[in-house]
Amino acid sequence: MARTVWYPGHMAKGKRKLAELAGKLDIILEVRDARAPLVTSSPIAADLEGVCPIGVVMAKEDLAEKKGAASWLSWFASRGQKAWAVNLLKPRLEALRRDLAALGPAHREVRLAVVGIPNVGKSMLLNALVGKSSAPVGGIPGITRGVSWYKGRGVLVVDSPGILDPRGGEEIQRCLAWLGCSKADIIGGYDVVALDLISVLRQRGLWAMIEEKWKVPAPPEAAGEEVLEALAQRLGCLVQGGGVDTLLAARRFIEAFSTGRFGPVTLEFPGDSPWT
Ligand SMILES: Nc1nc2c(ncn2[C@@H]2O[C@H](COP(=O)(O)OP(=O)(O)OP(=O)(O)O)[C@@H](O)[C@H]2O)c(=O)[nH]1
Ligand SMILES: [Mg+2]
């Protein structure tokens, strides 16, 4: 299996720090992306299983199909694992807060850490739980660089940097790039990653959502490269001399997909995941 080279020092250090802290925590909240809750699982949460209870928070519920989030909640429940689905842009965390409050001893706040791969919403969740904007949030992976404590509203929360699995294969890393969790330029480039996404969306009958928003059809006889060129034309990504800038178009396409601009989509369903 191919190895990715993107495993910067802050990820290795964050992983060590979290392992040291785990024994002092009441729970670890592992944030995943509700659009693909298996492929976005965290290697560090898997490592810490048994050291401390782990609950799964599926963030970006607003970007996932309703039936997808519901079926994942049932799937986690059937395995006896605590899970919640949340939209952190409009957080309604009553159920999560209630469950957390039941965990810690009455005399002190609940101690928890928020872990997960890059850009899934860890810092947004922390801010929503703490009740104020404390941790930096951003649309690109790698915003949080260290492990820090935050206190508020009955909780003591540790934020941590997004940690990717350096052993994840190329296909997994590409899927993570579509979701904004990995950087396309370190796994073959934006055009390769976009062509892959075009192919998967067509195979799964999901191209209609792109066509509806961006008016670019993808008839069965058209090659992926032709569809990418049509996207570049549509987006006005042109180069001097009359050609199209497919790299720029690929980047815009992936950004639009990862931030949910085409509408709700679920890439993995229980029992139906191409990556696991
Ligand atoms: N639509 C939507 N966007 C979200 C949600 N949660 C987080 N985001 C967006 O996802 C991006 C990443 O959020 P962060 O909280 O910075 O993610 P993180 O996991 O802390 O990222 P790193 O620290 O870089 O690993 C931001 O642009 C958020 O606005 C959600 O529930 N719905
Ligand atoms: Mg963060």
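Two strands are taken as paired where DSSP finds at least two bridges between them, and it is on this basis that the strands of the predicted model are described here. Strand β4 itself, comprising residues 110-115, is mostly covered, five of its six residues being buried.

With regard to the overall division of the protein, domain 1 extends over residues 9-159 and domain 2 over residues 189-258. The centres of domain 1 and domain 2, taken over C-alpha atoms, are separated by 33 Å.

Turning to the helices, α9 (residues 224-235) and α10 (residues 246-258) pack with their axes 9 Å apart and at an angle of about 85 degrees. Because angles of 65 to 115 degrees count as roughly perpendicular, α9 is roughly perpendicular to α10. On the side of α9, the contact is made by Leu228, Glu229, Leu231, Ala232 and Leu235, which meet Thr246, Ala249, Ala250, Arg252 and Phe253 in α10. By residue class, the contact of α9 with α10 consists of seven nonpolar residues, one polar residue and two charged residues.

Notes:
Residues numbered from 1 in each chain as written. Chains lettered and ligands numbered in written order. Predicted model: local features only at pLDDT ≥ 70, side-chain atom pairs only at ≥ 80, totals over all residues. Axes fitted to C-alpha atoms, helices over the stretch in contact; angles between N-to-C directions. Helix = DSSP H or I, 4+ residues; strand = E, 2+ residues; numbered from the N terminus. Parallel < 35°, antiparallel > 145°, perpendicular 65-115°, else oblique. Contact = placed C-beta atoms within 7 Å. Nonpolar A, V, L, I, M, F, W, Y, C, P; charged D, E, K, R; others polar. Buried ≥ 20, exposed ≤ 12 C-beta atoms within 10 Å, placed from the backbone. Domains from an automatic or database assignment.
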